[in-house]
Amino acid sequence: MTDHVTTIAVGALSPYEVTVGRGVLTTVDRHIGPQAARVFLLFQSPLRTAAAALAGRISSSGREVVGFEIPDGEAGKTLSVVAEAWDLLGRATFTRTDTVVALGGGVATDVAGFIAATWLRGVPLITVPTTLLAMVDAAIGGKTGINTDAGKNLVGSFYPPKAVVCDVDVLSSQDPAAIASGLAEAIKCGFIADPGILDIVWSAPDRVRDPSSPLLRDVIERAIMVKANVVTADLHEHSVRAILNYGHTFAHAVERVEGYRWMHGYAVAVGMVFASHVASIMGLCDSALPAAHRDILSLVGLPTSYYPRRLAELSEAMAVDKKNRGTVTRMVLLKEIGDPVVVESVPPRVLEQAYEVLCAPGGGL
Ligand SMILES: NC(=O)c1ccc[n+]([C@@H]2O[C@H](COP(=O)([O-])OP(=O)(O)OC[C@H]3O[C@@H](n4cnc5c(N)ncnc54)[C@H](O)[C@@H]3O)[C@@H](O)[C@H]2O)c1
Ligand SMILES: [Zn+2]
């Protein structure tokens, strides 16, 4: 059963649509071009049953399906996985009109995107994100990538898909922590561009965490619209796309220092609180902004503080962040909710003060 379906347009040069709805997994095959004789269906283990059903539907139209289950977690985003996929594509004599379909979280959409971008210098890609984080972030905007020994996402390309299909029903198997992690990115979209997202979260923080609630679906659609608008204006991150990194300078440092054991959205939540303190200390925003951050993030169960005495380590990690140019700390900060600016050089003294208040007792870790 499909209820109403929403479509959101993305992209200026190679436009595509994001479809959001319940039960829309059954419509993925409609996005495959008429000339595609073969479909490479990449998926993660929790999606095995859904992948089998999708493969059945695709092959019923006479197409050959090459299924490919990747290792779970970040191990799915490596060169050896890509090399195995290239071998399978070669053996299947995969041509330029054939299609890659990614079914899974951000790892699946990132690696499948990279495979689609590189095979024959680019074959059609359809992404079917199945985690909240992938729906509101990873699957939209055309960034693809893999991890290397030197770090995460260091190899990749900009390669927009032909279509994105978000079936909100698949989120029912996500655990609450994963939903909270995805919500951090949606709340980020609220802070940088659409305060309406924050209003929904404020009004019903419990319902917003429930995958069966229409409120979560509203939040997903609004967050996708924010990302769609930003990447349509600036696909290659020359200008406005940088605002999507709100909270991420500090978040990437936390992830590094924590050995990538923290869920991404949890690190982003702490990163946004940190950024709000930086903005407040610099006199850029109202002094009530940090409290607004802590309140809304803690309402959905996200952390809002961090451990003291780790600033040296974190600063080192911030300096190697590829989004930082040289050794100065470049951060996205808010003048007010919905009004972000990129500050090219945040003084170390401000970082120290912001870290101190972030880690003060009662901060909410
Ligand atoms: N390209 C981009 O713009 C972009 C943006 C943000 C994040 N990312 C990337 O996305 C990745 C993180 O995404 P993620 O959090 O989705 O990670 P993930 O793909 O590893 O998924 C998290 C876990 O959820 C499982 N899973 C997937 N769908 C499920 C479902 N419906 N029910 C239950 N379990 C399910 C996965 O198998 C995995 O174990 C990172 O690698 C990050 O670098 C990319
Ligand atoms: Zn993020």
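How far is an oxygen atom of ligand 1 from an N or O atom in the side chain of glutamate 74? Select both and the distance comes out at 2.8 Å. Before going on, keep in mind that this is a predicted model, in which local features need pLDDT of at least 70 and side-chain atom pairs count only at pLDDT 80 or more, while totals for chains, interfaces and linings use all residues. Residues are numbered from 1 along each chain as its sequence is written, chains are lettered from A and ligands numbered from 1 in the order in which they are written, and side-chain values use heavy atoms, with hydrogens and water left out.

**Around the ligand**

Stay with ligand 1 and select aspartate 72, where an N or O atom of the side chain is 2.6 Å from an oxygen atom of the ligand. Then select serine 173, which has a polar side-chain atom 2.7 Å from a nitrogen atom of ligand 1; a polar contact here is a pair of N or O atoms within 3.5 Å. Taken alone, ligand 1 exposes 860 Å², and the protein buries 81% of that, with areas computed by the Shrake-Rupley method and a 1.4 Å probe. Altogether 22 residues surround the ligand, each with a heavy atom within 4 Å of it.

**The seven-stranded sheet**

Next, colour the strands in the order β1-β2-β9-β6-β5-β3-β4, and you will see an open sheet of seven strands with mixed pairing; two strands pair if DSSP finds at least two bridges between them. At its edges are β1 (6–10) and β4 (64–69), each of which pairs on one side only. Zoom in on β3 (residues 38–43), which runs parallel to β4 and is joined to it by six bridges, and there find leucine 42 standing opposite phenylalanine 68 in β4.

Contact means heavy atoms within 4.5 Å, and angles run from 0 to 180 degrees between N-to-C directions of lines fitted to C-alpha atoms, for helices over the stretch in contact. Helix α7 (residues 214–233) lies across β1, β2 (16–21) and β9 (163–167), and runs at about 20° to β1.

**Two hairpins**

Select β7 (residues 143–148), which is antiparallel to β8 and joined to it by five bridges, and look for isoleucine 146 opposite valine 155. Finish at β10 and β11, a hairpin with two residues between the strands, where glycine 338 in the turn has a positive phi of about 90°.

Note on methods:
A polar contact is a pair of N or O atoms within 3.5 Å; within protein, one must be able to donate a hydrogen and the other to accept it, and residues adjacent in sequence count only if both atoms are side-chain atoms. Helices (H or I, at least four residues) and strands (E, at least two) are DSSP runs, numbered from the N terminus.
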